[in-house]
Amino acid sequence: MARILITSALPYINGIKHLGNLAGSMLPADVYARFQRMRGHEVLYICATDEHGTPAELAAAAAGQDVRAYCDEQHVLQKEIGERFALSWDYFGRTSSPENAKLTQHFAEVLEANGLIAEIVEKQIYSKADTRFLPDRYVEGTCPNCGFEKARGDQCDNCGKLLEPTDLIEPYSTISGSRDLEVRDTRHLQLKQSQMEPRLRQWVDEATSWPQLARSIAYKWLDEGLRDRTITRDLSWGVKVTKDGGPREGFEDKVFYVWFDAPIGYIAATAEWAKATGNDWERWWRTDKGAGDVSYVQFMGKDNVAFHTVSFPATILGSEEPWKLVDRLKAFNWLNWYGGKFSTSSKRGVFMDSALELLPSDYWRWYLTSNAPEGSDTQFTWESFQGVINSDLANVLGNFVNRITKYCAAKFEGQVPAAGTPGEAEAWIASELSERLKALTAHYEAMEYRKAAAETRAIWAAGNEYLTKAEPWVKYKSDVDAAAVGVRTGLNLAALFAIIAQPIIPDTAGKVLGALGVPDDRRSWPDWQDKTLLDALPQGHAITPPEVLFAKIEDASVEEWKERFGGE
Ligand SMILES: [Zn+2]
């Protein structure tokens, strides 16, 4: 049994996430966690809300709430919506936890002791009207690169250029709108990433199992030269800056920058999990305390790769302490909305909560996994969604299960028939299964989601082809025993189809397995070499036809949803 630690990029606290966020980190991490649990491995899947930084403060202010109260509320919303999407986190923590504050302060102090953090004086924009500094998004102005008039202090949304607040032309405060600003000196901590470059490069060189997308992004950053990075901000919401465990002189009104504390949140959320469940978190994270045999897999969108392959490892490696580093990293491209971007800030696309108002989570989980933005960006369109759901789920899987279970109920008293001897059709499907199950397992191990979904569908389709060959409904008229073989094999196929569907569509799979009376301990991942797969259900065992598994999506619904959510 292997031990597998899984984290997905932390969703930011400001509001319910859209389907693109789900498709590019939380969902594939969940599918992988479910698959590896079914394989019998010890899996720990950790996620959390990323709660610090100016967007949280601004969103709280816009909602007229205290930032802590805002985050409390939003965290619960995100946790609930994730659970409704059947995301099987072992723990969903928060970067605003005491655990994260303690670990973040620890890392900063250790890095400083190792000569990797220096105090520097920086020029920052100060607002006299607001009597405070204006970091990041607290200041807007004209982009020096493209002339866009509402560029933010950290980035221009028009041209994408990363900015410093002092780069902006004609800046103004986003709190009061005041233009009575001046540049003042302020002390900050700077992480000497440039000193870490050779060590990071060596580490990336050795990470030969990372996918190409992740490695090329890491090398791009390393080749451009790592810049030393200011890791504190003039803000009150965040992790306080310490020295020797106490408040750091001159830093009383400052906190760590969100990008410094957020990835440490993976470790801290594991500590939260341990506290809540009485487990030991260090055996997942400290190689000197039992984490030596842990395989650590991270899931994220491509915009997060540099932070996971360069910035966070700089913190970990720079500490010189035996922390677990990522072993495998799966990065995704973008899921786009009709050629444009999904956007939380401009409310473009379908968000997780409204998706569930339309259809149950399995519909979305299947579509987003079978169309995962792996090799390149992919488009969400209602037409493609409708096509995939109607074909894969309603026709190929749903019809198969309904047809065979109803026939068994009608002709064999709802019991797995015992009579008859397997023949040519059964030999064909057995060899088909063994080959395809082997391929499917390999796709999951390689975290190839499109291929895994396509192979799952191909296995379901092979079942339909088997029924066409075996045609129990025709044989029943002349040879009931021959029909019995077809029904028995068909029922076992239905059970197997649901078992292999569990990582992607767990709710529906559970319904089918319940209707077929498959006990929990017989739902683990099938071995492709197992010769009894088609005779796993006990003969005479009672089954119940499930309700119709998937409703077809009608053209009228597509029209209505296009109207409601936009499209084209
Ligand atoms: Zn610009």
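## A zinc site and some helices

Let's start at the metal: the four donor atoms around the zinc ion subtend angles of 106 to 114°, so the arrangement is tetrahedral. For reference, the ideal angle for four tetrahedral donors is 109.5 degrees. Keep in mind that this is a predicted model.

Who does the holding? The protein donors are the SG atoms of C143, C146, C156 and C159, lying 2.3 Å from the zinc ion. Along the sequence, these donor residues follow the spacing C-x2-C-x9-C-x2-C. C146 sits in the loop between β6 and β7, while C159 is in the loop between β7 and β8, so this pair ties together parts that are 13 residues apart in sequence.

The strands and helices that come up here are these:

| Element | Residues |
|---|---|
| β6 | 139-142 |
| β7 | 151-152 |
| β8 | 169-173 |
| α7 | 258-277 |
| α9 | 305-318 |
| α12 | 382-411 |

Now for the helices. α7 and α9 pack at an angle of about 80°, and their axes are 10 Å apart. That makes α7 roughly perpendicular to α9. On the α7 side the contact is made by W259, F260, P263, I264, Y266 and I267, which meet F307, H308, F312, T315 and I316 of α9. Sorted by class, this contact has nine nonpolar residues, two polar ones and no charged ones.

Over in α12, the helix bends by about 40° at G398. Just after α12 comes another backbone detail: E413 takes a positive phi of about 55°.

Definitions and conventions
Residues are numbered from 1 along each chain as its sequence is written. This is a predicted model: local features need pLDDT of at least 70, side-chain atom pairs count only at pLDDT 80 or more; totals for chains, interfaces and linings use all residues. Side-chain values use heavy atoms; hydrogens and water are left out. Axes are lines fitted to C-alpha atoms, for helices over the stretch in contact, and angles run from 0 to 180 degrees between N-to-C directions. Helices (H or I, at least four residues) and strands (E, at least two) are DSSP runs, numbered from the N terminus. Angles under 35 degrees count as roughly parallel, over 145 as roughly antiparallel, 65 to 115 as roughly perpendicular and the rest as oblique. Contact means heavy atoms within 4.5 Å. Ala, Val, Leu, Ile, Met, Phe, Trp, Tyr, Cys and Pro count as nonpolar, Asp, Glu, Lys and Arg as charged, and the others, Gly among them, as polar. The bend at a residue is the angle between axes fitted to the seven residues ending there and the seven starting there. Donors are N, O and S atoms within 2.8 Å of the metal (3.2 Å for Na, K and Ca); water is not among the atoms, so sites may look incomplete. Four donors count as tetrahedral if all angles lie between 85 and 135 degrees; four count as square planar and six as octahedral if opposite donors are over 155 degrees apart and all others between 65 and 115; anything else is irregular.
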